[in-house]
Amino acid sequence: MSVFDLSAGESGIIKSSALSGSAAARLASLGIVAGKRFTVLAFSLFKSSVLIGCGALRLGIRASLARRIEVEKCE
């Protein structure tokens, strides 16, 4: 399951990421790493991006990147 598969308001824990290069480095520098809990806050019009919240951080991620981040859904 990826970040993009969750619905708005659902939470998950990041298991792994298939990202590399600058995208992976940027997310890691913001604290979006394996083991971190986050919440999907909203999707953009036509679901081209997703807004996630992780602690005090609010971050918009493109759909193509969100599909590469594997998560485990929290109940």
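**Close-up views of a predicted model**

**View 1. The largest nonpolar core has 18 residues.** Val-3, Phe-38, Ile-52 and Ile-69 have the most contacts inside this core. A nonpolar core is a set of buried Ala, Val, Leu, Ile, Met, Phe, Trp, Tyr and Cys residues joined through side-chain atoms within 4.5 Å. Buried means under 20% relative accessible area, exposed over 50%, and partly exposed in between (1.4 Å probe, protein chains only). β2, β3 (49–54), β4 (57–62), α2 (63–66) and β5 (69–73) each give two or more residues to the core. The largest share, 3 residues, comes from β3. Helices (H or I, at least four residues) and strands (E, at least two) are DSSP runs, numbered from the N terminus.

This is a predicted model: local features need pLDDT of at least 70, side-chain atom pairs count only at pLDDT 80 or more, and totals for chains, interfaces and linings use all residues. Residues are numbered from 1 along each chain as its sequence is written, and side-chain values use heavy atoms, leaving out hydrogens and water.

**View 2. A search of the whole structure finds 1 aromatic pair.** Phe-4 and Phe-43 form this pair, which is edge-to-face: 5.5 Å centre to centre, with 85° between the planes. Rings of Phe, Tyr and Trp (its six-membered ring) pair if their centres lie within 6.5 Å; planes under 30 degrees apart count as stacked, over 60 as edge-to-face and the rest as tilted. Phe-4 sits in the segment before β1 (11–17), Phe-43 in strand β2 (residues 37–43), 39 residues apart.

**View 3. Lys-47 lies over the face of Phe-4, at 5.2 Å from the ring centre.** Lys-47 also lies over the face of Phe-43, at 4.4 Å from the ring centre. A charge sits over a ring if NZ of Lys or CZ of Arg is within 6 Å of the ring centre and within 35 degrees of the ring normal.
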